[in-house]
Amino acid sequence: MKTMMTAAAFTMAALLPSMATAAGDYPSKPVRVIVPYVAGGAADITARLIAQKMSEQLGGSFVVENKPGANGMIGTDFVAKAAPDGYTLTVTASGPLVVNPSLYKNKTPYDPIADLAPISQITRYQYVLVVPERSPITGVDDLIRKAKEKPGEFTYGSAGIGAGGHLAGELLSVMTQTELTHVPYKGNAQALTDILGGQLSFTFDTVVTATPHIRSGKLRGYAVTGPVRAEALPHIPTMQELGYKGFNITQFQGLLAPAGTPPEIIAKLHEAVVHASRQPDVIERLVKEGGNELIAGTPEEFARQIKEDLEMYRKLIIDANVKAD
């Protein structure tokens, strides 16, 4: 046993200089930043902005690649199975990590805890409950009262099954024991068109998308879904402020690597994200224009957030009996 332990110690001692050298030289070749969604979406915008800042900070090339499909699972699985050397990363949103494992159960081809190494949560974003400008609904309580009087007649749209806006509606339905009818779309743009046109009773839209229409008067916003008010909509209360205790639907964007990536590289990447989060143009684009909250938390904090959200969405999906298409 002593011989084996000694051999192991010598092996680790031999590896440490090479690991340190690898981290010191990192990045020595282009780094692929995989976005598991189409170009132009929220995660893609965040990824390109952060990749640019990491390139400037670390002196290497961080190249964003889009690998959409299967609700983000194709691109996420690609990263989960990549070499853990720091040269394949992902910027992703909540769905592939904390919603899909419960929504698709055994069909998710990766384990978000075992197969991926959190580097840093980048942003947190929330939703706002909105109604069309000519809607007779005067508030959240009024919506619930009217919906109880006419079960199933009040409709809300979202970007699809398992989207944040869908799950916010399901949480409202479960908490108030009210029958609300979900209308899934193939994207947020179509849902937004129909809420503006009055074809939907209400919807939970992202703050960034809804804010211009709230300010113009085309939509009326009644509550945001997170624990604090949105900076872009400070006059709109949270659901919890309105008495819906425990109502908390937020989603994140974050940077991750394959599990087993050297901790020295993880630390270097995290430092670059923290630096990026302090830059005025990043704050302008992601917070003031994008309606996000910048986080730039530690890898350990991001790991805890993923675990907490996994459990929260698992319970909601079971309680609401949400089924994937």
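Which strand is the place of Ala 93? I looked it up: Ala 93 sits in strand 3, which covers residues 88-93. Worth noting before I go on that this is a predicted model.

**Entry: Ala 93**

I checked accessibility next. Ala 93 has a relative accessible area of 8%, and that is under the 20% cut-off, so I put it down as buried. For its contacts I left aside the neighbours within four places in sequence, and got Tyr 37, Tyr 125, Phe 252 and Gln 253.

**Entry: Ser 120**

Then I moved to strand 4, where Ser 120 lies. Is Ser 120 buried or exposed? Its relative accessibility comes out at 0%, so Ser 120 counts as buried. I asked what its side chain reaches, and found the backbone oxygen of Gly 297 at 3.0 Å. Gly 297 also turns up in the contact list of Ser 120, along with Gly 254, Leu 255, His 270, Val 273, Ala 296 and Phe 302; residues up to four places away in sequence are not counted there.

**Entry: helix 3**

How many residues of helix 3 are buried? I get six of the eight in 73-80, so I wrote the helix down as mostly covered. The buried ones are Met 73, Gly 75, Thr 76, Asp 77, Val 79 and Ala 80. What covers them includes strand 1 (31-35), helix 4 (94-103) and strand 9 (250-258). Strand 3 and strand 4, from my entries above, are also among the covering elements.

**Entry: the cavity**

How many cavities of 30 Å³ or more are there? I count one. The largest cavity has a volume of about 40 Å³. I listed its lining as Gly 157, Asn 188, Ala 191, Leu 192, Ile 195, Thr 203, Phe 204 and Asp 205. Helix 7 (188-196) gives the most to the lining, with four residues, and strand 7 (202-206) supplies at least two. By class I get four nonpolar, three polar and one charged.

**Entry: second largest pocket**

Last stop. I get about 220 Å³ of space in the second largest pocket. Its lining has 16 residues, and those nearest the centre are Gln 126, Ala 230, Glu 231, Asn 292 and Glu 293. Strand 4 (116-132) and strand 10 (293-294) each give two or more residues to that lining. Which element gives the most? Strand 4 does, with three residues. By class, the lining divides into eight nonpolar, four polar and four charged.

Technical notes
Residues are numbered from 1 along each chain as its sequence is written. This is a predicted model: local features need pLDDT of at least 70, side-chain atom pairs count only at pLDDT 80 or more; totals for chains, interfaces and linings use all residues. Side-chain values use heavy atoms; hydrogens and water are left out. On a 1 Å grid over the protein atoms alone, a cavity is a set of points where a 1.4 Å probe fits but cannot get out, and a pocket is an open set with protein on both sides within 12 Å along at least five of seven lines; lining residues have an atom within 4 Å of a point. Grid points are joined across faces, edges and corners, and a volume is the space filled by probe spheres set on the points. Ala, Val, Leu, Ile, Met, Phe, Trp, Tyr, Cys and Pro count as nonpolar, Asp, Glu, Lys and Arg as charged, and the others, Gly among them, as polar. Buried means under 20% relative accessible area, exposed over 50%, partly exposed in between (1.4 Å probe, protein chains only). A polar contact is a pair of N or O atoms within 3.5 Å; within protein, one must be able to donate a hydrogen and the other to accept it, and residues adjacent in sequence count only if both atoms are side-chain atoms. Contact means heavy atoms within 4.5 Å.
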